[in-house]
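Biologist: Please walk me through this chain. I want each label set against its rule.

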Amino acid sequence: MLKLIEPYVTFGYPNVESIRKLVYKRGFMKEDGARIPIQSNEQIEKHLGKYGIICIEDLIHEIAYCGPHFKEATNFLWPFKLNPPKSGFNVKRHSFIQGGDWGNREEYINDLISKML
């Protein structure tokens with residue numbers, strides 16, 4: 001599946017710091033099909049408390065380390081809406097290995113995330 005969409009997306013292995021920045025700055029939750037900003041730990045505890053996730057740091061830890069309730073934690077979050085990178089994209093036609101933008105960036109995804117926030 002990833003091979004089919006690889007020329008259209010970029011992906012990698014974000015560190016805990018990048019995940020924390022994404023959740024704090026761009027974190028929204030799904031509730032009845034609506035996009036609602038995460039404003040308090042009570043919201044998280046209400047929806048994910050039965051899985052032992054009671055605060056935003058528990059949510060970040062579950063996502064970063066692929067805990068036993070990773071699926072529930074990621075389904076709780078709305079997909080992140082990011083801006084284009086501040087310095088722009090390099091070459092959209094080529095893969096990251098060839099000096100472009102799409103494909104697997106591995107740990108270099110953290111640099112792209114920081115440019116997009």
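This is a predicted model: local features need pLDDT of at least 70, side-chain atom pairs count only at pLDDT 80 or more; totals for chains, interfaces and linings use all residues.

Biologist: What makes up the secondary structure of the chain?

Modeller: Six helices and four strands. Helices (H or I, at least four residues) and strands (E, at least two) are DSSP runs, numbered from the N terminus. Along the sequence the pattern reads α-β-α-β-β-α-α-α-β-α. The C-alpha atoms fill a box of roughly 45 × 25 × 25 Å along the principal axes.

Biologist: Why is Lys-21 called partly exposed?

Modeller: Its relative accessible area is 37%. Buried means under 20%, exposed over 50%, and partly exposed in between (1.4 Å probe, protein chains only). The value of 37% falls in between, so Lys-21 is partly exposed. Lys-21 lies in helix α2, residues 16-26.

Biologist: How much of the chain is buried?

Modeller: Buried residues make up 29% of the 117 residues.

Biologist: What does Lys-21 touch?

Modeller: Arg-26 and Leu-117, not counting residues up to four places away in sequence. Contact means heavy atoms within 4.5 Å. Gln-43 is 22 residues from Lys-21 along the chain, and their C-alpha atoms are separated by 19 Å.

Biologist: Which residues of α2 are buried?

Modeller: Ser-18, Ile-19, Leu-22, Val-23 and Arg-26. Seen down the axis of α2, they fall within an arc of 130 degrees, so they line one face of the helix. The arc is that of the directions from the helix axis to the C-beta atoms. What covers these buried residues includes β2 (28-31), α4 (56-64) and α6 (109-116).

Biologist: And what puts the buried residues of α4 on the same side?

Modeller: The buried residues there are Ile-56, Leu-59, Ile-60, Glu-62 and Ile-63. They cover an arc of only 160 degrees around the axis, which puts them on the same side of α4. They pack against α2, α3 (41-48) and α5. Just after α4, Cys-66 takes a positive phi of about 50 degrees.

Biologist: How do you know that Arg-20 and Glu-17 form a salt bridge?

Modeller: A salt bridge is a side-chain nitrogen of Lys or Arg within 4 Å of a carboxyl oxygen of Asp or Glu. Arg-20 and Glu-17 meet at 3.9 Å, N to O, so the pair counts. Both lie in helix α2, three residues apart, about one turn of the helix. Glu-17 is partly exposed at 42%, and Arg-20 is partly exposed at 26%.

Biologist: What makes Arg-20 and Glu-57 a salt bridge?

Modeller: Their closest N and O atoms are 3.1 Å apart, so this pair passes the same cut-off. The pair links distant parts of the chain: Arg-20 is in helix α2 and Glu-57 in helix α4, 37 residues apart. Glu-57 is partly exposed, with a relative accessible area of 32%.

Biologist: How many salt bridges does the rule give?

Modeller: Four. Among them is Arg-105 with Asp-101, where the closest N and O atoms are 3.2 Å apart. Arg-105 and Asp-101 are both buried.

Biologist: Why does Arg-26 have no salt bridge?

Modeller: Lys and Arg count as positive and Asp and Glu as negative; His and the chain ends are not counted. The nearest side chain of opposite charge, Glu-17, is 14 Å away. Beyond four places in sequence, Arg-26 is in contact with residues including Phe-80, Leu-82 and Met-116.

Biologist: What makes you say that Arg-35 sits over the ring of Phe-28?

Modeller: The charged end of Arg-35 is 3.7 Å from the ring centre. A charge sits over a ring if NZ of Lys or CZ of Arg is within 6 Å of the ring centre and within 35 degrees of the ring normal. The distance of 3.7 Å is within 6 Å, and the pair is listed as sitting over the ring.

Biologist: Where is Trp-102 found?

Modeller: In the loop between α5 (70-76) and β4 (103-106). Residues touching Trp-102 include Glu-6, Pro-7, Lys-92 and Phe-96.

Note on methods: Residues are numbered from 1 along each chain as its sequence is written. Side-chain values use heavy atoms; hydrogens and water are left out.
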